[in-house]
Amino acid sequence: MILVLGGDVAREQRAAALAARQGLPVVVSGGSNPEYARWLFEQRQGLPPSQVQLDYRARDTLSNFTSLVDDLRRARIRHALLVTSSDHMDRALLVGRIVAGSRGIHLTPVSVDCADRCQPEGRRKIWGDGVRAALWVLSGRDLKSWAATQRLPGLGPAAAR
């Protein structure tokens with residue numbers, strides 16, 4: 001299957017072309033508005049609605065995976081093409097390999113060139129989300145969300161900025 005992390009319509013366009021070419025099902029996590037996404041996948045690429053799932057539960061990269069991974073496991077998905085922008089791929093792949101990997105799902109990266117819009121992510125952000133992913137696998141909780149409810153200094157939303 002194809003898993004698209006929302007945030008840029010170019011990602012959805014790349015996934016739509018892949019799905020049309022390879023006949024794979026697509027899940028878009030946190031993507032563009034449903035009207036555009038349906039038009040892109042169904043009208044422009046001619047995919048049947050049953051081939052595309054739009055999911056809007058995710059709030060960030062970690063929840064792109066945590067909101068879907070058990071659904072994918074129940075559907076017996078063992079491998080997904082991970083579509084995201086090239087400047088987001090390192091973090092997405094780290095988080096995804098931890099979360100999806102914990103459910104036996106292998107990810108293969110499919111980078112979308114972001115050209116002059118690229119904003120490389122720092123190691124702190126990448127590894128911070130990696131730690132959050134590992135803690136989610138161990139505890140079933142997102143440390144960042146939990147810390148925000150506990151008002152712990154240095155771990156809540158203000159610390160993420």
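This is a predicted model: local features need pLDDT of at least 70, side-chain atom pairs count only at pLDDT 80 or more; totals for chains, interfaces and linings use all residues.
Arginine 74 is exposed, since its relative accessible area of 61% is over the 50% cut-off. Aspartate 71 is partly exposed, at 29% relative accessibility.

Remain in helix α4 (residues 69-74) and select aspartate 70 together with arginine 103. Their side chains form a salt bridge with an N to O distance of 2.7 Å. Arginine 103 lies in the loop between α5 (89-99) and β5 (106-112), so the pair ties together parts that are 33 residues apart in sequence. Arginine 103 is buried, with a relative accessible area of 19%, whereas aspartate 70 is partly exposed at 27%.

Proceed to aspartate 55 and arginine 57. The closest N and O atoms of this salt bridge are 2.7 Å apart. Aspartate 55 counts as buried at 6% relative accessibility, while arginine 57 is partly exposed at 42%.

Next, select Asp60, Arg91, Glu121, Asp129, Arg132 and Asp142 together; a network of salt bridges links these residues. The structure has 10 salt bridges by count.

Finally, display cysteine 114 and cysteine 118. Their sulfur atoms are 1.8 Å apart and form a disulfide; the count of disulfides comes to 1. Looking along the S-S bond, one finds a torsion of about 95°, so the disulfide is right-handed. Cysteine 114 is buried, at 3% relative accessibility, but cysteine 118 is partly exposed, at 29%.

Technical notes
Residues are numbered from 1 along each chain as its sequence is written. Side-chain values use heavy atoms; hydrogens and water are left out. A disulfide is a pair of cysteine sulfur atoms within 2.5 Å. Buried means under 20% relative accessible area, exposed over 50%, partly exposed in between (1.4 Å probe, protein chains only). A salt bridge is a side-chain nitrogen of Lys or Arg within 4 Å of a carboxyl oxygen of Asp or Glu. Helices (H or I, at least four residues) and strands (E, at least two) are DSSP runs, numbered from the N terminus.
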